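Here is a short briefing for a first look at a protein model. Take the sequence and the 3D view together, then work through the points below.

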Amino acid sequence: MSEPQAEHLSERSDPSALRWLIGVELANYRKQSGLSLAQVSQLSGITKPKLGNMEAGRFQQYPDDIATVLRVYGVAERDIDRLCALAGSSDRRAWWAPWSHVVPDWVQTFVGLEGLATSEFVYEPTIVPGILQVEDYAEELTRATGFVRSDHHERFVSFRLARAERLTRPKPLHVHAVVSESALTLRVGSRATRNAQYHHLLALAALPNVVIQVVRPEAGPHAAATGPFYLFNFELARPIGYVELLDGAVYVQDVDQIGTYRMAADSVVHAALSPTDTVDFIHSLISGNGD
């Protein structure tokens with residue numbers, strides 16, 4: 001069987017996020033098999049500590065080791081090839097390395113996953129999602145949160161803008177963003193700042209890989225009312241969900257839980273304005289935006 005290709009990961013590769021993804025897959029397959037780490041160690045000849053490190057993604061996982069443990073679990077060859085292909089691209093430098101001193105570890109994992117994803121869905125009820133922000137808008141938000149040191153503001157904003165480059169590069173990230181009306185009307189900076197953000201959203205909405213929708217209060221309740229979340233899809237790994245907290249994040253890996261978040265995404269998409277009506281709505285904000 002031919003091995004899947006993973007060259008598409010090279011441009012935005014992140015070894016720590018990639019190892020984490022592989023570890024999640026290995027742990028899920030082991031749980032499905034009903035085997036303990038000790039039992040896998042006996043059957044595979046790989047030590048228990050090394051198996052634990054493979055599942056935690058602490059160090060690079062080697063294709064031969066991955067194939068060995070997956071065969072113990074009875075995994076189909078196509079999935080063995082898939083994970084071995086992922087492991088073969090896990091030794092590259094993280095794209096966010098220049099910003100590592102200003103970005104918390106949990107954010108590094110998030111942007112690492114985003115860099116590896118082929119598509120993402122984001123629901124954001126409070127602010128414009130970071131990957132869609134312009135510089136002045138990002139600066140105002142960074143200043144207002146108080147979570148970033150004042151001498152790191154400029155670097156943190158440049159990091160947010162670097163994320164957005166993925167939208168316009170070859171093999172771009174496909175983004176479907178649903179944003180609440182209150183997020184768009186939040187008084188961030190000056191009128192000029194808000195209008196620049198609206199114009200940027202209109203430009204992004206014209207891209208073939210970006211879909212933006214606005215959900216308004218009159219649409220009524222929907223299943224995403226608990227707060228913002230992301231869903232990442234990958235070519236060679238199973239989907240991952242992401243829910244951000246004030247000082248950390250929760251990663252959703254369980255297949256049933258992912259299904260619940262997909263249902264919530266479908267619900268809020270159905271409740272939101274169509275992409276065409278969203279463009280008209282954003283135009284109305286530009287013409288009616290007060291000081």
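Is helix α5 (residues 77–87) mostly covered or mostly exposed? Helix α5 is mostly covered, with nine of its eleven residues buried. The model is predicted. Its protein chain has 291 residues, and 52% of them count as buried.

**Overall make-up**

- The protein chain contains twelve helices and six strands.
- Its accessible surface is about 13800 Å². Carbon and sulfur atoms account for 53% of that surface.
- Consider contacts between residues at least 6 apart in sequence: 76% of them join residues at least 24 apart.

**Helix α5**

- The buried residues of α5 include Asp79, Ile80, Asp81, Arg82 and Leu83.
- Cys84, Ala85, Leu86 and Ala87 of α5 are buried as well.

**The sheet**

- Six strands form an open sheet in the order β3-β2-β1-β4-β5-β6. The pairing is mixed.
- β3 (210–215) and β6 (249–252) stand at the edges. Each has a single partner strand, so one side of each has no neighbour in the sheet.
- Neighbouring strands of this sheet are turned by 15° against each other on average, direction ignored.
- Strands of a sheet pair through backbone hydrogen bonds, in either a parallel or an antiparallel sense.

- Strand β1 covers residues 119–124, and six of the six are buried, so the strand is largely enclosed by the rest of the structure.
- In a regular strand, side chains alternate between the two faces of the sheet.
- In β1, Ser119, Phe121 and Tyr123 point one way. Glu120, Val122 and Glu124 point the other way. All of these residues are buried.
- β1 pairs with strand β2 (residues 174–180) in the parallel sense, over six bridges.
- Within that pairing, serine 119 stands opposite histidine 174 of β2. Phenylalanine 121 has histidine 176 of β2 as its bridge partner.
- β1 pairs with strand β4 (residues 229–233) in the antiparallel sense, over five bridges.
- Here glutamate 120 stands opposite phenylalanine 232 of β4.

**Salt bridges**

- How many salt bridges does the structure hold? It holds nine.
- Side chains of opposite charge can pair when their charged atoms come close.
- Glutamate 55 and arginine 30 form one of the salt bridges, with their closest N and O atoms 2.5 Å apart. Glutamate 55 lies in helix α3 (residues 48–56) and arginine 30 in helix α1 (residues 15–33), so the pair ties together parts that are 25 residues apart in sequence. Both residues are buried.
- Glutamate 165 and arginine 169 meet through their side chains in a salt bridge, at 2.6 Å from N to O. Glutamate 165 has a relative accessible area of 37%, so it is partly exposed. Arginine 169 is at 27% relative accessibility, so it also counts as partly exposed.
- Glutamate 218 forms a salt bridge with arginine 216, and the closest N and O atoms are 3.5 Å apart. Glutamate 218 counts as exposed because its relative accessibility is 58%, and the cut-off for exposed is over 50%. Arginine 216 is partly exposed, with a relative accessible area of 26%.

Terms used: Residues are numbered from 1 along each chain as its sequence is written. This is a predicted model: local features need pLDDT of at least 70, side-chain atom pairs count only at pLDDT 80 or more; totals for chains, interfaces and linings use all residues. Side-chain values use heavy atoms; hydrogens and water are left out. Buried means under 20% relative accessible area, exposed over 50%, partly exposed in between (1.4 Å probe, protein chains only). Helices (H or I, at least four residues) and strands (E, at least two) are DSSP runs, numbered from the N terminus. Two strands pair if DSSP finds at least two bridges between them. A salt bridge is a side-chain nitrogen of Lys or Arg within 4 Å of a carboxyl oxygen of Asp or Glu. Contact means heavy atoms within 4.5 Å. Accessible areas come from the Shrake-Rupley method with a 1.4 Å probe; for residues, only the protein chains shown count as cover. Axes are lines fitted to C-alpha atoms, for helices over the stretch in contact, and angles run from 0 to 180 degrees between N-to-C directions.
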